[in-house]
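Subject: Structure handover

Hello,

Here is the structure I promised you. Please open it alongside this message; my notes follow below.

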Amino acid sequence: MWVNGVTLQNRGLEDSHRLAVYEASGGYRTLREVLLRPVAPEQIITEMKKSGLRGRGGAGFPTGLKWSFMPKGVTGTKYLLCNADEGEPGTCKDRDIMRYDPHRLIEGMLIGAYAMGARAGYIYIRGEFVEPIQLVEAALAEAYQAGLLGNHILGTGFSFDLYVHRGAGAYICGEETALMESIEGKKGQPRFKPPFPASYGLYGQPTTINNVETFASVPDIISKGGDWFLRLGKPNNGGTKIFSVTGHVQRPGNYEVPMGTPFKDLLAMAGGLFPERKLKAVIPGGTSTPMVAGEVMMDTTMDYDAISKAGSALGAGSVIVIDDSVCMVKTVERIARFYMHESCGQCTPCREGMGWLWRVMHRIEHGQGREEDLQLLLDVGARIEGRTICALADGGVAPVVSSIRLFRSEYEYHIQHKRCLVTMGAG
Amino acid sequence: MLSEQALAEIARERAKYPEDRAQSALLAALRIAQEDQGFLTTEVMDYIALLLGIEPIRAYEVATFYSMYDLQPVGRHKICVCGSVSCFLRDSDRIIAHLEDQLGIKVGETTPDGLFTLQEVECLGACLGAPMMQVGDRYYEDLTKDRVNGILAALREGGDDVG
């Protein structure tokens, strides 16, 4: 199996974040080839389309198609942005790419900027990520020094400036238009779409935005070909993908495996469950994706189509494993708290709804639940979904509704007996 | 109002953005001012707004929207423990209770000597190392009670960046 072979391939090298180490491993060779041969921008977009690469930030939109939306022949600056506002509970892969291989991200962005005619870019890194910020800024400085960024890159007519924009603590800034607002120095509140970023993005200019892992996949796709990447995975689910396996496993970690890898193999890589524990549920793509029953996951493969068939979504590949030692009501109450805290307050159904869901979850967990509360949670959820500008609220509803569907008896026990069905042991 | 060093740092951040887009440097300027002054007073925010040539309300909006800005004084070491689900599943509640016990304060409070502020925060994006916390610029992962004790002892001895 092709494991840790694309965006994590250099993770084990000493000083893997340094330019010299990246170049010694073949780094920036693809960029040189693209700029010096030169390869036509359209050809790069064609390869990206062939690769089947879908956005690794969670939405899974085909990257090549997104790149083709960038308008040609416009006046003014076109921007290329990288979303490194990694913050959905369970998601911690971009941090490792930035810490271990920041030049792979920079090379991917450079190839993208050349293909789309972007003149400037920002890597939006969440403010708490001080170590990744320092490593990416050091890598940018090395790249400028080596003539890989700035004016007339490698002596060609291609120029591109790239900067880090540091966030200041807000999950919502991972939403692409909120991220643009934040770069403009405003509150991170999502914009209405349309207009989409390709026509009206940062500073109102044509803009394309991709996730860290997406960009870091680009150099190998262009050097080895879109078909190569596609064949690593399965049709419509090209390539490999990092899965961050956290929660109740013995070896939590980032495992980059081919799309279509059976969940049970991924679980085994992560050291499996703790002794004497049973798999209760899995959140396959970060807390915004619906929970899946443990036995269903054991028969599911890790790719967009299979996870969707299991009733959830691959999201950012943030696999949260939950065993039978934990109370589901308490777990979901904790997840609901996150969405209440992170709602930006712009849309009423989200601003009020996320707090409402948490308060009802909280009273059930604390033995004050009422008979009608489960129906109330489902009704409130149904009145939130699809009624907000961005997807945050839908993401906050998903864990509540899916857990009630799967573990209704646990909720009912809580309400009737004013206490928990599960005696929580050590984690 | 701010140190020379802070002003130079703000100027470097300002240079990342187009001529007519000074407000883009607001997030960075507020952070730098906070690092320089300890927390953000209205006077500091007004000064930053003046520096960037924007309305003060823009600075207040940003300072109250993002979680990393402190509008009140905090201890010398701000301890932010992640309590989101991946950490919760690895018993972050026990780490928080242990910290409350060791520091003699509750979440949200500052020790009387002004050395520590304890906060429970949402996901810090280091779920592989759960349970984890951030102190200042650093992440501390795979926490146990013993490890927490060691970190607190080193911070009490005057370290800012302790292993």
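A:Cys350 is in no disulfide, with the nearest cysteine sulfur, in A:Cys390, 6.5 Å away. A:Cys350 counts as buried, because its relative accessibility is 7% and the cut-off for buried is under 20%. Please keep in mind that this is a predicted model.

What about A:Cys420, and how far is its sulfur from the closest cysteine sulfur? The distance is 3.2 Å, to the sulfur of A:Cys327. A disulfide needs the two sulfur atoms within 2.5 Å, so the A:Cys420 sulfur is too far away for a bond. A:Cys420 counts as partly exposed, at 23% relative accessibility.

Now chain B. The chain holds 7 helices and 4 strands. Their order along the sequence is α-α-α-α-β-α-α-β-β-β-α. Along the principal axes, the C-alpha atoms of chain B fill a box of roughly 50 × 30 × 25 Å.

Of the 163 residues in chain B, 53% are buried. Take the contacts in chain B with a separation of 6 or more: 56% of them join residues 24 or more positions apart.

Chain B has an accessible surface of about 7200 Å², and carbon and sulfur atoms account for 47% of that. Its side chains include 15 positive and 27 negative ones. The centres of these two sets lie 4 Å apart.

Best wishes

Conventions: Residues numbered from 1 in each chain as written. Chains lettered and ligands numbered in written order. Predicted model: local features only at pLDDT ≥ 70, side-chain atom pairs only at ≥ 80, totals over all residues. Heavy atoms only, no water. Buried < 20%, exposed > 50% of the residue type's maximum accessible area, 1.4 Å probe, protein only. Helix = DSSP H or I, 4+ residues; strand = E, 2+ residues; numbered from the N terminus. Contact = heavy atoms within 4.5 Å. Areas by Shrake-Rupley, 256 points an atom, 1.4 Å probe, with all protein chains shown as cover. Lys, Arg positive; Asp, Glu negative; His and termini not counted. Charge placed at Lys NZ, Arg CZ, Asp CG, Glu CD.
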